2 protein chains.
Amino acid sequence: MPVETIDCAAEELKAESAQVRVDVDKFFANLLAPTGDSRQRLFDAMRHAAIGGGKRLRPLLTIAASRLFAIDPARALRVGCAIEAIHVYSLIHDDLPCMDDAELRRGKLTVHKAFGEAEAVLAGDSLHALAFEILADPDTSDDPFVRCELLLELARAAGPSGMAGGQMMDLIAEGQTLDLPAITRLQQLKTGALIEYSVEAACIMAKLPAESRTPYRGYARNIGLAFQIADDLIDHSGDEAAAGKPLGRDADAGKATFVSLLGEDRARQQAALLVEQAIEHLSGHGEEADLLRSIARFAIERDH
Amino acid sequence: MPVETIDCAAEELKAESAQVRVDVDKFFANLLAPTGDSRQRLFDAMRHAAIGGGKRLRPLLTIAASRLFAIDPARALRVGCAIEAIHVYSLIHDDLPCMDDAELRRGKLTVHKAFGEAEAVLAGDSLHALAFEILADPDTSDDPFVRCELLLELARAAGPSGMAGGQMMDLIAEGQTLDLPAITRLQQLKTGALIEYSVEAACIMAKLPAESRTPYRGYARNIGLAFQIADDLIDHSGDEAAAGKPLGRDADAGKATFVSLLGEDRARQQAALLVEQAIEHLSGHGEEADLLRSIARFAIERDH
């Protein structure tokens with residue numbers, strides 16, 4: 001691809017992703033409006049975590065994938081925000097003292113540091129329930145079959161066979177030396193399942209039969225892995241100010257990562273290969289898939 | 001009602017509730033079968049909390065209410081187990097050191113005492129997601145409208161406008177002196193919303209229009225309050241061995257309860273009145289509502 005086309009795609013990605021950040025913030029500001037009773041502190045904690053931060057990768061993926069099938073953008077945004085609510089709840093609980101004991105997240109204090117531990121547990125639990133409430137609402141889709149499938153697959157991606165199961169594997173992995181297949185499996189559950197769902201959700205909204213979803217799931221699986229390798233590279237040698245959190249924690253904890261197992265150079269090559277393969281999965285599409293292609297390239301060209 | 005009729009009803013409730021305990025245990029044993037990978041510890045923690053304990057009041061209510069409308073018992077059990085999964089997750093998180101810091105629950109060690117805090121957070125999160133996965137599955141109902149409504153209302157009952165919101169109110173209430181309306185509102189969110197849902201779920205499965213649900217919601221609201229008052233009475237002057245947990249914690253924490261506000265005698269009278277009103281709501285039904293009537297009476301005649 002000529003350099004100026006890539007530049008142009010990068011500019012477009014920047015604009016689209018800025019728009020998604022604004023739209024997701026608006027959605028959460030509206031959803032988490034002040035209650036005027038003693039639950040206010042809970043809503044403040046949820047707003048602290050859900051508004052104004054993060055790359056919003058998952059909603060961006062849902063919105064980008066929904067363009068392949070000409071899905072109503074407002075509905076794609078609702079689904080993207082449900083996924084982001086799950087992601088944010090998992091970050092809040094992950095940051096707790098009994099888990100990663102983190103002080104900073106997205107350049108701000110973590111929820112338990114700003115509001116207290118009990119509040120962080122409850123804010124996470126509340127966002128978890130809200131994700132399902134968003135999807136079950138008829139505003140998400142007229143078709144109850146679509147809503148049910150969106151709900152079922154999100155519950156699977158978030159639960160013990162997906163994200164929560166991966167977090168358990170990650171806990172157990174501390175002090176063990178995992179090999180590459182084990183790290184790959186852990187990552188596919190811990191972060192991959194929700195990233196894959198972000199793309200699959202658009203297929204569900206488009207009522208694509210399961211057998212036609214293979215390339216989109218392949219795309220999502222590849223960029224999920226590429227993102228994880230890029231995260232490991234940033235944790236290994238990135239800039240703390242750009243990342244908005246302390247780095248080098250995996251090495252400090254003695255955790256195996258793609259970078260510790262492959263070395264920096266091979267990890268970079270592997271990520272680049274995954275991005276190429278992800279884009280290859282989109283070969284049946286024209287320019288309606290350009291945003292998904294740009295997201296794939298961005299996976300490895302970022303500093304946070 | 002003649003004494004022998006009441007005795008007979010009490011025997012029937014005992015048998016029905018024993019059967020529900022067996023069925024719920026079986027359901028969770030099947031759902032949480034060993035994984036054979038490093039998520040095993042997570043599943044062990046979930047099994048510890050979900051199997052073999054508790055009154056199973058919520059599934060019992062769903063099953064009893066589903067008899068009014070001749071709903072398939074296997075489906076009513078699934079819905080009851082989804083509600084119980086939400087209840088169990090909330091107990092696990094409630095017991096955490098940053099919340100109630102409890103050591104015993106249902107006569108066993110709490111999950112964080114038996115498995116660790118991180119495991120308890122993840123086991124709660126996993127059961128939370130599983131509840132929605134159970135409901136979204138076509139085995140719960142052929143009708144996707146029914147599944148969506150079940151999911152939507154459960155998410156509302158569990159989230160910040162229901163249970164999680166009530167838990168936040170409870171946190172804030174420590175060190176404050178709540179009055180009777182405030183305590184009632186707190187209880188209606190913290191435990192009332194899920195109890196009300198347990199009965200309403202049967203109405204949803206029966207496709208009852210919203211305006212026809214009023215008596216059943218009234219029944220559920222009354223027994224929810226009656227159960228809470230009975231819990232306060234047990235905490236105030238009950239037997240620790242029967243309760244399976246330390247008692248007197250509310251008084252120690254200086255928390256206002258129905259008993260501290262009304263006194264023991266008036267609290268007992270109030271609970272009895274609520275049970276009477278609950279039963280009154282069922283006057284349109286014959287003996288198919290007898291189990292619901294027995295549950296209401298049991299609300300105030302128990303020691304745990």
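Me: Before we continue, what conventions apply here?
Reply: This is a predicted model, in which local features need pLDDT of at least 70 and side-chain atom pairs count only at pLDDT 80 or more, while totals for chains, interfaces and linings use all residues. Residues are numbered from 1 along each chain as its sequence is written, chains are lettered from A and ligands numbered from 1 in the order in which they are written, and side-chain values use heavy atoms, with hydrogens and water left out.

Me: Back to that arginine: with which residue does Arg75(B) form a salt bridge?
Reply: The partner is Asp142(B), with 3.1 Å between the closest N and O atoms. A salt bridge here is a side-chain nitrogen of Lys or Arg within 4 Å of a carboxyl oxygen of Asp or Glu.

Me: What about chain A: how far apart are N and O in the salt bridge of Arg75(A) and Asp142(A)?
Reply: The distance is 3.1 Å. Since Arg75(A) belongs to helix H4 and Asp142(A) to the loop between H6 and H7 of chain A, the bridge ties together parts 67 residues apart in sequence. Arg75(A) is partly exposed at 23% relative accessibility, and Asp142(A) is exposed at 60%.

Me: Which residue pairs with Arg56(A)?
Reply: Arg56(A) meets Glu84(A) in a salt bridge of 2.9 Å, N to O. This pair also links distant parts of the chain: Arg56(A) is in the loop between H2 and H3, and Glu84(A) is in helix H4, 28 residues away. Both residues are buried.

Me: How many salt bridges are there over all chains?
Reply: The search of the whole structure gives 42. Glu149(A), Glu196(A), Glu200(A), Arg213(A), Arg217(A) and Arg221(A) are linked in a network of them.

Me: Changing topic, how many residues of each chain are in contact across the interface?
Reply: There are 47 residues of chain A in contact with 47 of chain B, contact meaning heavy atoms within 4.5 Å. Four salt bridges are counted between the chains. One of the salt bridges joins Arg156(A) to Glu133(B), with the closest N and O atoms 3.5 Å apart.

Me: Which elements of chain A give two or more residues to that side?
Reply: They are H2 (40-50), H4 (73-94), H6 (117-136), H7 (144-158), H8 (163-173) and H9 (180-205). H6(A) provides the largest share, 13 residues.

Me: Finally, how many residues of helix H3 of chain A are buried?
Reply: Helix H3 (residues 57-66) has 10 of its 10 residues buried; Arg58(A) and Leu61(A) are among them.

Conventions: Helices (H or I, at least four residues) and strands (E, at least two) are DSSP runs, numbered from the N terminus. Buried means under 20% relative accessible area, exposed over 50%, partly exposed in between (1.4 Å probe, protein chains only).
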